[in-house]
Amino acid sequence: MDPPDDKTPPWCNGETAAGPGSKDIYVQLVISLTLGISAFVAFCILRPRWKTLYAARKRRSDPQIALPILPDSFLGWIPALYRVTEEQVLASAGLDAFVFLSFFKMSLRLFATVFFFALTVLWPIHRTFDAGTTTPPGDTTDDDFALSSLLRDHELRNLASLDHIMEDPEHEDKSQPYLWAYLVFTWFFSSLTMYFMNSETIKVIKIRQDYLGTQSTITDRTFRLTGIPQDIRSEEKIKEFVENLEIGHVRSVTLCRNWAEIDGLMAERQVILRKLEEAWSVYLAQQPAADSESNNQHRVAVDETAQGVSNAEEEPQENGPLIPSDNLRNLMAERKRPKVRLRFGFLKMRSRKMDALDYYEEKLRRLDEKIQNARRKEYPSTDTAFVTMDSIAACQMAVQATVDPRPGHLLSKPAPAPSDVIWKNTYTPRYKRQMQSWTVTIFIGFLSLIWVFVVAALASLLNFCSIEKIAPSLRAFLDQHDVIQAFVRTGLPTLVVSLLNVSVPYLYDYLSNIQGMVSQGDVELSAISKNFFFIFFNIFVVYAVSGSAALSFWEIIRLSLRDTRTIAKSIAGSIQDLNKFYLNFILLQGFGLFPFKLLQFGSISLYAIYRMGAKTPRDFAELVQPSLFNYGFYLPTALLVFILCLVYSILPGAHIVLLLGLCYFAIGYFVYKYQLLYSMDQPQHATGGAWPIICGRVVVGLIAFQVVMIAFLVLQTAFYAAGFIVPLVVLTFWYNYYSRLRFTPLTKFIALRSIKRASDPGSESRPDRDPNQVQQQTRLTRRMSTIDEDREKGMRFINPSLVIPLERPWIYQDPPPPVEESSTDSNTGSISGNDDGRATIPRNNSNGLGSVSSSFSLGDTHVWRENGDNNV
């Protein structure tokens with residue numbers, strides 16, 4: 001290896017690389033505040049003016065909803081939003097929104113407590129003992145003494161030489177006494193995190209059980225039966241089989257069949273319908289093909305008509321026309337009808353033009369006939385069925401029991417909501433869905449290796465040592481301009497990582513949708529897991545290992561295989577060096593990007609593009625639909641910030657990171673609360689299924705926190721203190737196993753004793769409570785109906801392609817009525833035991849075959865009251 005050049009900066013010698021300095025914190029703070037304040041002011045100005053965007057969900061909700069009307073003043077909406085209670089959140093947004101906001105509340109309480117101890121105990125320790133650190137490269141204490149006094153330990157690196165640790169085979173413990181405080185607070189903060197998570201889990205489970213136990217929807221009474229043998233694949237046999245289990249009576253059975261033909265026809269009809277509407281919009285938008293003489297004659301006719309009207313007021317004419325001349329019909333006849341080019345013949349080389357309106361109308365008519373005939377057909381049955389019981393208790397007994405002794409046969413699972421079902425995956429063979437799932441999993445594993453190269457290269461390029469090697473002239477230019485240099489050190493790395501964090505989730509969301517899952521709720525939960533894996537592994541692990549060391553990520557892994565102490569040295573050193581990078585990341589996410597999310601900058605930007613491409617009344621109606629709230633896009637970033645605050649809770653500068661973390665979760669709480677309640681829809685129906693994912697990722701953060709502290713103490717030669725953290729890691733794994741065993745069933749199912757019977761409405765049948773003290777306990781009582789009951793009124797588990805009304809072209813401003821179907825009964829081939837003897841039409845279409853929005857009915861009349869009215 002060539003010796004380092006004399007002109008090479010001392011921090012580019014293979015041990016450390018330049019990172020953001022204390023001056024650069026000011027630059028990032030100014031950038032973030034400038035972006036955030038400008039977006040927030042724009043939102044406060046536009047909010048009362050653009051109610052179709054910023055109050056879209058409230059405008060479409062039921063008038064009886066308990067949500068308050070936010071005032072139109074500049075800042076008056078903030079106190080009103082804060083006063084919205086968790087009962088109102090449940091009533092208007094459901095369990096998924098409640099669980100999402102509960103995570104932010106738990107984070108605020110936890111890190112407020114941790115911040116208190118970090119500020120009152122750990123910060124004096126760091127200031128007194130300097131934590132064995134020295135000033136990082138590129139910082140001068142003379143230029144920024146004021147800020148360095150505040151961030152003194154936040155910007156420092158390990159002073160002790162690490163070479164003797166790597167070479168000393170005896171590993172003598174030469175630690176300072178103050179390092180034992182790190183051990184104590186590692187145990188204390190880990191225990192505190194487990195306590196808050198355990199308390200919040202118990203609360204979420206109680207709310208979930210009370211919420212689901214008091215409502216009665218078709219989803220709560222239905223379970224999905226898979227692995228049905230060939231000999232009982234009929235509605236009657238399945239009904240007889242379930243009733244023979246003596247758990248209750250079966251109301252209806254929907255046996256999934258191979259509906260690929262009817263689904264394909266409906267999808268094709270939707271395409272033709274939109275083309276016909278576009279042709280009509282083009283036709284109606286054209287000016288009449290009349291020359292100037294006709295226009296002059298039209299003006300003369302108008303003048304004569306006006307004069308005739310004045311004369312008619314004086315003396316009515318008996319021989320006058322009873323109705324005015326049909327000028328509109330004449331003008332319509334003068335319009336040029338749009339044409340469509342049809343290709344035919346050998347290799348489609350011949351073509352001719354046809355009238356587009358006649359062509360698409362005839363094609364739509366023929367498709368309607370095919371659909372009517374397809375609805376009467378009998379399709380082959382599959383091994384999946386939706387069984388609706390007469391009670392929630394019967395359904396829960398079926399779901400929580402093992403039905404068949406044969407592996408893979410007659411497996412009962414909770415059913416998703418009818419609007420949440422992806423029907424094309426219900427009749428896809430199991431082996432094909434498993435193949436899709438494994439293919440996506442293997443592709444994600446391969447993609448993760450690619451991301452390692454991309455992120456590691458990005459982390460290496462975003463430091464000044466790499467810039468000097470690749471472009472010395474650029475480095476010289478940056479040395480001459482301090483402000484640009486500070487932006488490159490702070491704004492550019494965090495901006496690139498933030499853009500990566502925004503764009504990559506779209507890819508993982510697409511992969512989750514093609515994985516073959518049966519419900520949109522499962523797709524949403526899968527997207528959360530995939531996006532968190534990307535963010536945590538690439539932005540935290542890979543970036544932490546390779547981001548501040550001049551050695552590449554793979555070089556560090558290679559050396560770690562020879563000596564495991566190399567990875568400990570790299571992780572602990574990199575975590576300290578990247579302290580300011582993650583600080584800048586939290587600054588940008590909290591103060592800079594959250595106001596843009598509140599402003600819905602993406603929706604505003606895309607609105608102009610979609611507005612230019614909108615042609616038909618249907619296109620314009622879709623423009624004013626509320627944006628969809630995708631938990632898979634927002635929750636992983638919040639989990640990463642949670643882990644960062646936990647990892648840096650003891651290290652030097654912890655009080656600064658925790659303070660910014662508190663600001664992040666406080667701002668995010670208000671932003672997401674407003675979007676979930678007033679401006680955005682969340683049509684997915686997961687009944688709070690994200691909470692087990694949140695708890696699992698918090699445990700991952702605890703393990704990362706403890707491993708980093710072990711590595712940090714080892715580098716400080718505090719081997720005994722590091723050794724006492726190892727039992728804590730084991731205890732954390734045991735807590736994860738114990739909590740999953742204890743809480744997971746209650747987050748998936750409804751306890752039988754939580755189901756409220758008609759004989760005892762509103763009372764809590766809880767065996768662990770004294771009946772005399774029940775009224776004094778915090779409890780939820782029911783009024784009216786839940787959001788799920790309102791959303792599922794009239795729904796049944798049936799493929800919408802079989803029963804949804806066929807839409808007419810939407811040409812004018814008002815939507816047209818559906819096509820009147822013939823009186824001939826359509827044989828769906830999958831319905832047995834209808835509740836009321838009449839066919840009901842699902843209002844939601846989850847597979848996109850109709851124009852009915854899956855989130856149309858969001859009117860909520862379910863009001864919950866809890867003693868104390870705690871704010872959510």
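## Strands and helices in a predicted model

Arg-341 sits opposite Lys-353 of strand 6. This is a predicted model, so local features need pLDDT of at least 70 and side-chain atom pairs pLDDT 80 or more, while totals for chains, interfaces and linings use all residues. Residues count from 1 along each chain as its sequence is written, and side-chain values use heavy atoms, leaving out hydrogens and water.

**The hairpin**
- Strand 5 (residues 339–344) and strand 6 (residues 350–355) pair antiparallel over six bridges; strands pair if DSSP finds at least two bridges between them.
- Helices (H or I, at least four residues) and strands (E, at least two) are DSSP runs, numbered from the N terminus.
- Five residues lie between the two strands of this hairpin, and Gly-345 has a positive phi near 85°.

- Four strands make an open, antiparallel sheet in the order 4-7-3-8.
- Strand 4 (250–257) and strand 8 (411–414) are the edges, each pairing on one side only.
- Strand 4 and strand 7 (residues 381–389) run antiparallel and share six bridges, with Thr-254 partnering Phe-386 of strand 7.
- Helix 10 (residues 235–244) packs on the sheet and touches strand 3 (222–226), strand 4 and strand 7; contact means heavy atoms within 4.5 Å.
- The direction of helix 10 makes about 135° with that of strand 4 (axes are lines fitted to C-alpha atoms, for helices over the stretch in contact, with angles from 0 to 180 degrees between N-to-C directions).

**Helix 6**
- Helix 6 bends by about 40° at Ala-118, the bend being the angle between axes fitted to the seven residues ending there and the seven starting there.
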